[in-house]
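Here are a few exercises to work through with the model open beside you. Try each task before you read its solution.

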Amino acid sequence: MARLAVAVVQHDIAWENRAATLAALGPVVAGAARDGARLVVLSEMFSVGFSADTAAIVEGPEGPSTTFLVDHAASLGVWVVGSVCIADGEAELPRNVAVLAGPDGSVHRYPKRHLFSYAGEDQRIGPGFQTLTVDIDGVRTSVFVCYDLRFADDFWQLAEATDAYVVVANWPAARTSHWRALLVARAIENQAWVLGANRVGAGGNIDYEGDSLVVDPLGEVVADGHGLGEAVLTATVDTARVAEVRARYPFLADRVVPVPSMPDDD
């Protein structure tokens, strides 16, 4: 069994101002590491905000936001994750990529699968097609981005190989009740930890309230950013808790039972 100290950073973002945001976040990430975190979770589009102007915010795979994550992970000896708008030169459109950087210099990428068509994200961002699960100090950690949270099947697919889900987001204040409910639901359904990191402040004429959460495998909220503004939520993810809940309530096995076929009319 493994225990992982985590820090969920509920932070503001200087709209489309990468340099200002990174300058503000550097000391916060360093402070979380100094306080013992082994995984530091930032938000979606963590350095620029969820902007529709991809030309203004896009980076290459080794751009400044990714470099920030990689350099801080290596220098502080921790894991750091946040999403970045990345163009790799191979796809027609850039992707919204969760970048997970490890203390050993490793870089793991998850391009957001479900694009937020309500805000036109599907017109300017290309979808990803793979999933990402990484062993972080013995904790099997699967990463998702914002709107993915509404699509339970993707979480279900990974449940048996996942101890903790990380969801990085720019989830608007207008639908914060959905964000909170879905984070708890994903924890209950999959009997796993869920770490949801959402920004605060305003950008692009949208308000964000944070409401970042850490939820345990039984759906209990163990850290809550509601009403805190900029804050760092800390918790310890324990795989023993996952094993305990799954042994006591062996619900995951029922998920694989096939749906009975209906008899033919004739």
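**Exercise 1. Find which residues form one aromatic cluster, then describe the pair of phenylalanine 144 and phenylalanine 155**.

Step 1. The cluster is made up of Tyr110, Phe144, Phe155 and Tyr165. Rings of Phe, Tyr and Trp (its six-membered ring) pair if their centres lie within 6.5 Å; planes under 30 degrees apart count as stacked, over 60 as edge-to-face and the rest as tilted.

Before going on, a note on the source: this is a predicted model, where local features need pLDDT of at least 70 and side-chain atom pairs count only at pLDDT 80 or more, while totals for chains, interfaces and linings use all residues. Residues are numbered from 1 along each chain as its sequence is written, and side-chain values use heavy atoms, with hydrogens and water left out.

Step 2. The structure holds 10 aromatic pairs. In one of them, the rings of phenylalanine 46 and phenylalanine 68 have centres 5.9 Å apart and planes at 40°, so this pair is tilted. Phenylalanine 46 sits in the loop between strand 2 and helix 2, and phenylalanine 68 in helix 3, 22 residues apart. (Helices, H or I with at least four residues, and strands, E with at least two, are DSSP runs numbered from the N terminus.)

Step 3. For phenylalanine 144 and phenylalanine 155, the centres are 4.1 Å apart and the planes at 20°, so the pair is stacked. It links strand 7, which holds phenylalanine 144, to helix 5 (residues 152-158), which holds phenylalanine 155, across 11 residues.

Step 4. Phenylalanine 144 has a relative accessible area of 0%, and phenylalanine 155 also comes out at 0%. Both are buried (under 20% relative accessible area; exposed is over 50%, partly exposed in between, with a 1.4 Å probe and protein chains only).

**Exercise 2. Work out whether threonine 141 is buried or exposed, and what it is in contact with**.

Step 1. Threonine 141 belongs to strand 7 (residues 139-145).

Step 2. Its relative accessibility is 2%, so threonine 141 counts as buried.

Step 3. A polar atom of the threonine 141 side chain lies 3.0 Å from the backbone oxygen of valine 139.

Step 4. Leaving aside neighbours within four places in sequence, threonine 141 is in contact (heavy atoms within 4.5 Å) with Leu132, Thr133, Val134, Ile136, Ala164 and Val166.

**Exercise 3. Locate the bend in helix 1**.

Step 1. Helix 1 covers residues 18-34, 17 residues in total.

Step 2. The bend, about 30°, is at leucine 25, and proline 27 follows within four residues. (The bend is the angle between axes fitted to the seven residues ending there and the seven starting there.)

How values were computed
Expected span 1.5 Å × (residues − 1). Polar contact = N/O pair within 3.5 Å; in protein donor to acceptor, adjacent residues only side chain to side chain.
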